[in-house]
Amino acid sequence: MDNLPLSGIKVLDLTLVLAGPTCGRTLAQYGAEVIKIDPDHRIPGLTPWIDVGRGKKSICLNITKKGGLKAFLKLAETADVIIEGFRKGVTDRLGIGYTELKKKNPKIVYASINCFGQSGPWSLRPGFEQNAQAATGIQVRNSGGISNSPRTATYTLNDYGTGLAAAYAVILALIERQKTGTGQRVEAALTYTSANLSAAFHTKQNTNNLPSKISTKHVGLQPGLKGTNFLNRLYETKNGWIFLSGPINDQNIKFFVSPKIDNWCLSEIPEFSHVGLLLYKKKFGRPGNDPEEEMIKIFLTQTTEFWINLLHKHGIEAVKNTSSEEIFNDEYNHERKMIMAQDYENWGTATWSGNPVSINSSQPFNVSPPQFGEH
């Protein structure tokens, strides 16, 4: 591990659950020595332990007791990074806040990770993934539109996203420390990540001195929204679902009846040749089937594989909707290390999702989970 980018960096990881531990695991994958400070009364669940506990050492300390606090402060004197996930004010109360630790170790990089940030009216609130989704509009948008009943997003996008964001913030602070010789505090929060991932909904535009307004180009109008328009949406097939990746503008007619534009022209495919005429009829108020309803009927006549092959032959992009099980069972995903697996003496065979980025000079180390309190 000596050749990895973060070799020689020592990290004390005080975090639990998912976001903070993801930050620590990411640093460990690139060579950092990450020491997980576990409360002796709270053994984590098996799945998060294998997922975000990998690559770390585990020690048990009760930092609310004099001996545990003394041991932690001794470790902090030579640490490069502290990761904590407490609510605002808790670390100061425990005697391990940034102001206190930087007196003992001015080079420390101190990462604070929570749901609502370190300032503002909600900074003292506890919160988890779904709290962040609710507070930032994700659950409303996941329903298909502002006026409809919200739905939770089932993936922990903010937890994992915040962990990765915090990891790159730590690395940036370490780079800055090389220039200045001093550390700093960095902050990450689930709601900050959520707002960033929703950037398209927060984009404003000023045109001809008119008042700015939030872009609504991706806002849906009903629950169960299948896409942005009928050429850029989900369609059900005989044996599954397919996403048709067409243009997202309003010039749909020309993609049926004009020469190819960006290699797009459905009119060349016999199965869709009549849809252009339906578009014209709809545009000029003439009777005829709805073009989108017609597309729905067409896709139901054949399998997903049939449509993907046919569309690809005509330069039209379409993607099969794939289940997590299919992704896991695809041998190629294991070959390219999107899915990782290893046999461990104490854990049996464990699998997990691979790193989302790679560096040619140093691939992430295949780190293993520790036993609780092993170190």
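This is a predicted model: local features need pLDDT of at least 70, side-chain atom pairs count only at pLDDT 80 or more; totals for chains, interfaces and linings use all residues.
Let's start with helix 3, which covers residues 66-76. Its buried residues are Gly68, Phe72, Leu73 and Ala76. Looking down the axis of helix 3, you find these buried residues within an arc of 130°, so they line one face of the helix. The background here is simple: an α-helix has 3.6 residues a turn, so residues three or four places apart point the same way.

## Helix 9 and what covers it

Helix 9 spans residues 190-197, and its buried residues include Leu190, Thr191, Thr193 and Ser194. Those four cover an arc of only 160° around the axis, which puts them on the same side of helix 9.

The cover over the buried residues of helix 9 comes from several elements. Among them are helix 1, helix 6 (129-135), helix 7 (138-141) and helix 8, along with strand 5 (109-114) and strand 6 (185-189).

## Where helix 8 crosses helix 9

Helix 8 runs over residues 157-180, and its axis comes within 8 Å of the axis of helix 9. The two axes cross at roughly 100°. Angles of 65 to 115 degrees count as roughly perpendicular, and helix 8 and helix 9 are therefore roughly perpendicular to each other.

On the helix 8 side, the contact is made by Leu157, Asn158, Asp159, Gly161 and Thr162. Helix 9 brings Leu190, Thr193, Ser194 and Leu197. Sorted by type, the residues of this contact split into three nonpolar, five polar and one charged. Leu190, Thr193 and Ser194 also turn up among the buried residues of helix 9.

## Cysteines

How many disulfides does a search of the whole structure find? The count is zero. Cys23 has 0% relative accessibility and counts as buried, whereas Cys60, at 33% relative accessibility, counts as partly exposed.

## A positive phi at Val17

One last stop is the backbone at Val17, where phi is near 70°, a positive value in a residue other than glycine. You'll find Val17 in the loop between strand 1 and helix 1 (19-29). With a relative accessible area of 46%, Val17 is partly exposed.

Conventions: Residues are numbered from 1 along each chain as its sequence is written. Side-chain values use heavy atoms; hydrogens and water are left out. Buried means under 20% relative accessible area, exposed over 50%, partly exposed in between (1.4 Å probe, protein chains only). Helices (H or I, at least four residues) and strands (E, at least two) are DSSP runs, numbered from the N terminus. The arc is that of the directions from the helix axis to the C-beta atoms. A disulfide is a pair of cysteine sulfur atoms within 2.5 Å. Axes are lines fitted to C-alpha atoms, for helices over the stretch in contact, and angles run from 0 to 180 degrees between N-to-C directions. Angles under 35 degrees count as roughly parallel, over 145 as roughly antiparallel, 65 to 115 as roughly perpendicular and the rest as oblique. Contact means heavy atoms within 4.5 Å. Ala, Val, Leu, Ile, Met, Phe, Trp, Tyr, Cys and Pro count as nonpolar, Asp, Glu, Lys and Arg as charged, and the others, Gly among them, as polar.
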